[in-house]
Amino acid sequence: MQKFTIIFLVLFSISTFAQISPKDTIRVENYPTDSVSTKQVPSEIEVLTDIKESNAPVKAMKFNPTKAGLYSAILPGLGQYYNKKYWKIPIVWGGIGTGVGVTLWNQKQYNRYRDAFVAELNGQEHEFSNIPGVTKEVLGRTQDRVKRQRDYAIAITSLVYILGIVDAVVDAHLYEGRKDPDLALKPTIIFDEFGKANSKAGLSLSYNF
């Protein structure tokens with residue numbers, strides 16, 4: 001009886017081990033440990049170079065005032081574009097465009113009144129002939145007034161054009177000064193020792209020699 005029991009246990013153990021899946025086993029592979037690493041250690045010169053580049057001061061942008069003025073003279077707003085002051089370009093274009101528009105409108109009105117005035121002097125019909133009270137004196141004064149307005153518009157447009165050139169030149173010339181840490185303009189608190197108020201808001205201008 002004991003023999004049958006032992007034989008049964010042996011067969012049961014063999015069947016149990018035979019049911020184990022190969023996927024449940026753990027495979028351990030032996031990788032070589034004597035391989036050479038491809039990672040290179042930086043040299044001392046490279047390390048020092050990286051440190052110097054990291055600590056180097058940021059180079060300030062510099063603009064040529066002559067180029068800025070020349071660009072603005074060729075095309076209004078181009079000098080501001082060169083100085084990277086893009087928000088000023090619509091202001092320059094708007095000022096010059098408005099001046100040119102007013103000048104052209106007054107020139108058109110001047111031509112109308114001028115033709116009517118000449119026609120009135122010659123006793124000919126014109127577009128204002130059927131309007132009561134329109135005489136050669138009225139037409140003469142009107143054409144002079146429109147002409148004066150046209151001249152004012154031309155002068156103002158020319159002034160805006162020149163100011164655009166001056167702004168580009170000054171902006172390019174003073175750009176480096178605005179980046180200078182020795183010259184600073186910033187808001188601050190002003191303490192008034194003799195006044196009733198303890199402190200006031202203001203601006204401080206610092207300049208270091």
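The model is predicted. The protein chain contains 6 helices and 2 strands, and its elements follow the order α-α-α-α-α-α-β-β along the sequence. Of its 209 residues, 20% count as buried.

**Overall picture**

- Side chains of opposite charge can pair when their charged atoms come close.
- The count of salt bridges in this model comes to 5.
- One of them joins Lys85 to Asp171, with the closest N and O atoms 3.2 Å apart.
- Lys85 belongs to the loop between α4 (78-82) and α5 (89-121), while Asp171 belongs to helix α6 (residues 136-178), so this pair ties together parts that are 86 residues apart in sequence.
- Lys85 has a relative accessible area of 18% and is buried, because buried means under 20%.
- Asp171 has a relative accessibility of 8% and also counts as buried.
- Lys88 forms a salt bridge with Asp171 as well, and here the closest N and O atoms are 3.5 Å apart.
- Lys88 lies in the loop between α4 and α5 and Asp171 in helix α6, so the pair ties together parts that are 83 residues apart in sequence.
- Both partners of this second pair, Lys88 and Asp171, are buried.
- A network of salt bridges links Lys85, Lys88, Asp167 and Asp171.

- Glu127 and Arg112 meet through their side chains in a salt bridge, with an N to O distance of 3.0 Å.
- This pair links distant parts of the chain, 15 residues apart: Glu127 is in the loop between α5 and α6, and Arg112 is in helix α5.
- Arg112 has a relative accessibility of 29% and counts as partly exposed.

- Helix α3 spans residues 65-74, and its buried residues are Ala68, Gly69 and Ser72.
- Viewed down the axis of α3, these buried residues fall within an arc of 95 degrees, so they line one face of the helix.
- The exposed residues Thr66 and Ile74 are carried on the face of α3 that is turned away from the buried side.
- Asn64 caps the N-terminal end of α3, where a side-chain oxygen of Asn64 lies 3.0 Å from the backbone nitrogen of Thr66.
- Ser72, which is found in helix α3, has a relative accessibility of 1% and counts as buried.
- The side chain of Ser72 reaches the backbone oxygen of Gly164 at 3.3 Å.
- Leaving aside residues up to four places away in sequence, Ser72 touches Gly77, Gly79, Gln80, Tyr161, Gly164, Ile165 and Ala168.

**A nonpolar surface patch**

- Tyr161, Ile162, Val166, Val170 and Leu174 make a nonpolar surface patch of about 410 Å².
- Ile162 is one of these residues, and its place is in helix α6.
- Ile162 has a relative accessibility of 46% and counts as partly exposed.

- Most residues other than glycine have a negative phi.
- Lys84 has a phi near 65 degrees, which is a positive value in a residue other than glycine.
- Lys84 is located in the loop between α4 and α5, and with a relative accessibility of 43% Lys84 counts as partly exposed.
- His126 is located in the loop between α5 and α6, and with a relative accessible area of 15% His126 is buried.
- The side chain of His126 reaches the backbone nitrogen of Phe128 at 3.0 Å.
- Apart from residues up to four places away in sequence, His126 touches Ala116, Ala119, Glu120, Val134 and Leu139.

Terms used. Residues are numbered from 1 along each chain as its sequence is written. This is a predicted model: local features need pLDDT of at least 70, side-chain atom pairs count only at pLDDT 80 or more; totals for chains, interfaces and linings use all residues. Side-chain values use heavy atoms; hydrogens and water are left out. Helices (H or I, at least four residues) and strands (E, at least two) are DSSP runs, numbered from the N terminus. Buried means under 20% relative accessible area, exposed over 50%, partly exposed in between (1.4 Å probe, protein chains only). A salt bridge is a side-chain nitrogen of Lys or Arg within 4 Å of a carboxyl oxygen of Asp or Glu. Patches are made of residues with over 30% relative accessible area and no salt bridge: like charges are joined within 9 Å, nonpolar side chains (Val, Leu, Ile, Met, Phe, Trp, Tyr) within 5 Å. Accessible areas come from the Shrake-Rupley method with a 1.4 Å probe; for residues, only the protein chains shown count as cover. The arc is that of the directions from the helix axis to the C-beta atoms. A polar contact is a pair of N or O atoms within 3.5 Å; within protein, one must be able to donate a hydrogen and the other to accept it, and residues adjacent in sequence count only if both atoms are side-chain atoms. Contact means heavy atoms within 4.5 Å.
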